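Please read them with the structure open.

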Amino acid sequence: MNMLQEAQQIIDKCLGTLKESVEGKRVTFLCGNAGPLALAAVIYSVLGEQKKSQKYLNYLLEMVGLVDNQELPDEMLYGRSGYLFSLLFVRKEVGATSVPDCLIRKVVILILRSGQYLSRETRSRCPLMYEWHGKRYYGAAHGLSGIYTVLLQSQALNPQELRELVKPSIDYLLDKMFPSGNFPSSQGNDNDKLVHWCHGIPGVIYLLLLAYAQWKEEKYMNAAIKGGECIWERGLLRKGSGLCHGSAGNGYGLVHLYQATQDTKWLYRAAMFGLHCSQFKEYFHRLADSPLSLFEGLAGTVHYLFQLKNPESAKFPGFLV
């Protein structure tokens, strides 16, 4: 059995266990029904079974009706940005015509409107402000950086939205950087402690690199490099080697710095993170809640180690298209 056939068997098992969406809350790639549906559409497309691929793609596209739920958050793990990523992932892997432009634009508009509404309600200086469970997070999993990262990748923002909403919002976040190069986990939290993809610079660094690619302003690249130094100094974690809050997730930030700068210093450092991730017994003191999963467990570690073989094409999975 080849790997593609094995992937088909795994995704079929996943599809058989999907739960009904409750109040529109299961819409995301990482923590909802959208992820398995997107993967099924891609896998069956690669296998040449276009009818099955289209079937699961249709299910995914029909979920857009749930995204208009006012109670739905906007963040990556459980919110609108996670659904938007699912659409962008399928479009990249299946083809540009697989997901209509108007559908992606609809989700983008909903995310922008939500951020503008909270900004007005809270009189925030940030044009696009978001909350999750009553807190204004800054990190990739639940906060501003994750939402802005997916919005920039959508390529569905008009020049005015980029100029008046997204860029000043990124600049607002940039002002929150600690002298160490790290970021607070949320507004009002001055504890420079967490260096994770979910909370801290390892999740924000992708936004900084995307902002530099978009506007070519050195402040974004300088901040990304400063953040990379923070990851190198403090990013080897004892809590595990996963992606969300582990050493492999932190190592991806160094890989992407290498891609952006072509400075082999970052590639060497990324490789050292890979070495650390491979030494389970010596370094890691905690077992993840989901020890085989992509974001908490072994699957994410293996993904990182495998992609180190071809660092030019490596991408943080489930977050970068």
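1. Is the crossing of α10 and α13 left-handed or right-handed? The crossing of this pair is left-handed. Bear in mind throughout that this is a predicted model. Helix α10 covers residues 247-261, and helix α13 covers residues 298-307. Their axes lie 9 Å apart and meet at an angle of about 25°. That angle is under 35 degrees, so α10 runs roughly parallel to α13.

2. Which residues make this contact? From α10 come Ala248, Gly251, Tyr252 and Val255. From α13 come Gly300, Thr301, His303, Tyr304 and Gln307. Sorted by class, the contact of α10 with α13 has four nonpolar and five polar residues, and no charged ones.

3. Next, helices α4 and α5. Helix α4 spans residues 80-94, and helix α5 spans residues 101-122. They pack at an angle of about 155°, and their axes are 10 Å apart. An angle over 145 degrees counts as roughly antiparallel, so α4 is roughly antiparallel to α5. The crossing of α4 and α5 is left-handed.

4. The α4 side of this contact consists of Arg80, Ser81, Tyr83, Leu84, Leu87, Leu88 and Arg91. The α5 side consists of Asp101, Leu103, Ile104, Val107, Val108, Leu110, Ile111 and Ser114. By class, the contact of α4 with α5 has 10 nonpolar, two polar and three charged residues.

5. Is Ser81 buried or exposed? Ser81 has a relative accessible area of 0%, so it counts as buried. Setting aside residues up to four places away in sequence, Ser81 touches Asp74, Glu75, Met76, Ile111, Ile147 and Val150. Ile111 also belongs to the α5 side of the contact with α4.

6. Now a serine in a loop. Ser124 is found between α5 and α6, the latter being residues 144-154. Its relative accessible area is 17%. The cut-off for buried is under 20%, so Ser124 is buried. Apart from neighbours within four places in sequence, Ser124 is in contact with Ser119, Met129 and Tyr172.

7. Tyr172 returns in the packing of α6 against α7, on the α7 side. Helix α7 runs over residues 159-174. The two helices pack at an angle of about 145°, with their axes 11 Å apart. The crossing of α6 and α7 is left-handed.

8. What does α6 bring to that contact? Leu144, Ser145, Tyr148 and Leu152 are its residues there. Helix α7 supplies Leu162, Val166, Ser169, Ile170, Tyr172 and Leu173. The contact of α6 with α7 divides into eight nonpolar and two polar residues, with no charged ones.

9. How many disulfides does the structure hold? There are zero. Take Cys14: the closest cysteine sulfur is in Cys31, 14 Å away, and that is too far for a bond. A disulfide needs the two sulfur atoms within 2.5 Å. Cys277 gives a further case, because the closest cysteine sulfur, in Cys244, is 14 Å from its own and too far for a bond.

10. Last, the accessibility of those two cysteines. Cys14 has 31% relative accessibility, so it counts as partly exposed. Cys277 has 0% relative accessibility, and therefore counts as buried.

Definitions and conventions
Residues are numbered from 1 along each chain as its sequence is written. This is a predicted model: local features need pLDDT of at least 70, side-chain atom pairs count only at pLDDT 80 or more; totals for chains, interfaces and linings use all residues. Side-chain values use heavy atoms; hydrogens and water are left out. Axes are lines fitted to C-alpha atoms, for helices over the stretch in contact, and angles run from 0 to 180 degrees between N-to-C directions. Helices (H or I, at least four residues) and strands (E, at least two) are DSSP runs, numbered from the N terminus. Angles under 35 degrees count as roughly parallel, over 145 as roughly antiparallel, 65 to 115 as roughly perpendicular and the rest as oblique. A crossing is left-handed if the near helix is turned anticlockwise from the far one by less than a right angle, and right-handed if clockwise. Contact means heavy atoms within 4.5 Å. Ala, Val, Leu, Ile, Met, Phe, Trp, Tyr, Cys and Pro count as nonpolar, Asp, Glu, Lys and Arg as charged, and the others, Gly among them, as polar. Buried means under 20% relative accessible area, exposed over 50%, partly exposed in between (1.4 Å probe, protein chains only).
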